[in-house]
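This briefing goes through a few local features of one protein chain. Keep the sequence and the 3D view open while reading.

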Amino acid sequence: DISVPLHHKNTSVEPSVTLTGHGFRTELISMLLDLKPRFLRFPGGCFVEGEWLRNAFRWRESIGPWEERPGHFGDVWHYWTDDGLGYYEFLQLSEDLGAAPIWVFNNGISHNDEVSTAAIAPFVKDVLDSLEFARGSANSTWGSVRAAMGHPEPFPVKYVAIGNEDCGKKYYLGNYLKFYNAIRESYPDIQMISNCDGSSKPLDHPADLYDFHVYTDSKTLFNMKGTFDKTSRTGPKAFVSEYAVWRTDAGRGSLLGSLAEAAFLTGLEKNSDIVQMASYAPLFVNDNDQTWNPDAIVFNSWQQYGTPSYWMQKFFRESSGAMIHPITISSSYSGSLAASAITWQDSGNSFLKVKIVNFGSDTVSLTISVSGLQASINALGSNATVLTSSNVKDENSFSNPNKVVYHF
């Protein structure tokens, strides 16, 4: 699955006019729907941990009547949140998008303090209660709370991430196993995601998937398109839950960054037997309080635009459930190129999409060969879509939201 997370950094998306009736701005949700997301990772990454545990996200305090929620200080990103966008709303949003919810919970670890494994039991009980809230019957203790909020039917939570970027912390492995065993016993169908990277060596603990995060410069990410080529085909699958070009050549979302990200995604497509899901991060940012660059969708109280990284992801929205095909590029510039090919079915018709990334500065002539196709190609019905601009450092903005655009 190539999809998107709602990675919580400086987010306020609740308006008076909505698309779903659940308090999300119509134009923002429309942009999400246009990406055809297959999952929603929430409530985020470092937001889950907090700089200190006292400021970590607490699901219990984010449910119930909005005006009664205490809110909390998101100390990693330095803003107060009223938690109006809480656990229940994230579950609703997943349902409205037709996306599988992926609940990332705190495992007793923040950036600066940890709960020892000997004392982790209350945290485990808290997570089991959160799953009962989502999945329990309307007659269960926490399922009845959900039903009273207006959703008697359970939410289909089948993925949980045990912490965020906590592998290597003193108590992570011990705490992880406590959560893993308790959830496996109560909900044997739930897929559990480890924070430890299993792409280059086997994990030393049980997991269904493992997190892989990468934030780097564009050249490095372009060269990472073969990251999973040599990963073991046995064991847990990869969840590339945070990837993006950032810092020096990212700006506030550049064409150059989106090209490197697209090349990286072609490599994930080719390794989709081991890479089960992938999501750009962060998804939203409020332009009035931006502490992270770049982000996929930028908004203020009345405007919004997609960065080149957002538009790049539209090229991959048919990837989920598609069939990957071997592709060969013949060109003297092959070192600066990346490509992938997929076929998929829609309304009884078969479609072929070939994605080609030119990361170099030269105009390229090339020949591509795609194998394994089940039918001939109707060249007359084909079209080319190009994401480009006059300069690789070009960015979109409120004043020029289509500077980096699709050309058909």
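The model is predicted. By the distance rule for sulfur atoms, it has one disulfide.

**Helix 5**

- Helix 5 spans residues 141-148, and Trp142, Gly143 and Arg146 in it are buried.
- These three residues lie on the same side of helix 5, because they cover an arc of only 105° around the axis.
- An α-helix has 3.6 residues a turn, so residues three or four places apart point the same way.
- Thr141 and Ala148, on the other side of helix 5, are exposed.
- Helix 3 (87-97) and helix 4 (121-135) are among the parts that cover the buried residues of helix 5.
- After helix 5 comes Gly150, which has a positive phi near 115°.

**Cysteines**

- The disulfide is formed by Cys167 and Cys196, with an S to S distance of 2.1 Å.
- Its torsion about the S-S bond is about 100°, so the disulfide of Cys167 and Cys196 is right-handed.
- The two cysteines are 29 residues apart and link distant parts of the chain. Cys167 sits in the loop between strand 6 (159-162) and helix 6 (172-186), while Cys196 sits in the loop between strand 7 (191-194) and strand 8 (209-216).
- Cys167 counts as partly exposed because its relative accessibility is 39%, whereas Cys196 is buried at 9%.
- Cys46 takes part in no disulfide, and the nearest cysteine sulfur, that of Cys167, is 15 Å away.
- Cys46 has a relative accessible area of 14%, so Cys46 is buried.

**Cis peptide bonds**

- Most residues other than glycine have a negative phi, and most peptide bonds are trans. The remaining points concern exceptions.
- Phe42 and Pro43 are joined by a cis peptide bond with omega about 0°. Pro43 is in the loop between strand 2 (39-42) and helix 2 (46-49).
- Another cis peptide bond joins Ala281 and Pro282, with omega about -5°. The loop between strand 10 (275-280) and strand 11 (284-286) holds Pro282.

- Lys36 is not a glycine, yet its phi is positive, near 55°. Lys36 lies in the loop between helix 1 (26-33) and strand 2, and it counts as partly exposed because its relative accessibility is 42%.
- Ser347, also not a glycine, has a positive phi of about 55°. Ser347 is in the loop between strand 16 (337-346) and strand 17 (349-358), and with a relative accessible area of 71% it is exposed.

How values were computed
Residues numbered from 1 in each chain as written. Predicted model: local features only at pLDDT ≥ 70, side-chain atom pairs only at ≥ 80, totals over all residues. Heavy atoms only, no water. Buried < 20%, exposed > 50% of the residue type's maximum accessible area, 1.4 Å probe, protein only. Helix = DSSP H or I, 4+ residues; strand = E, 2+ residues; numbered from the N terminus. Arc of directions from axis to C-beta. Contact = heavy atoms within 4.5 Å. Disulfide = S-S within 2.5 Å.
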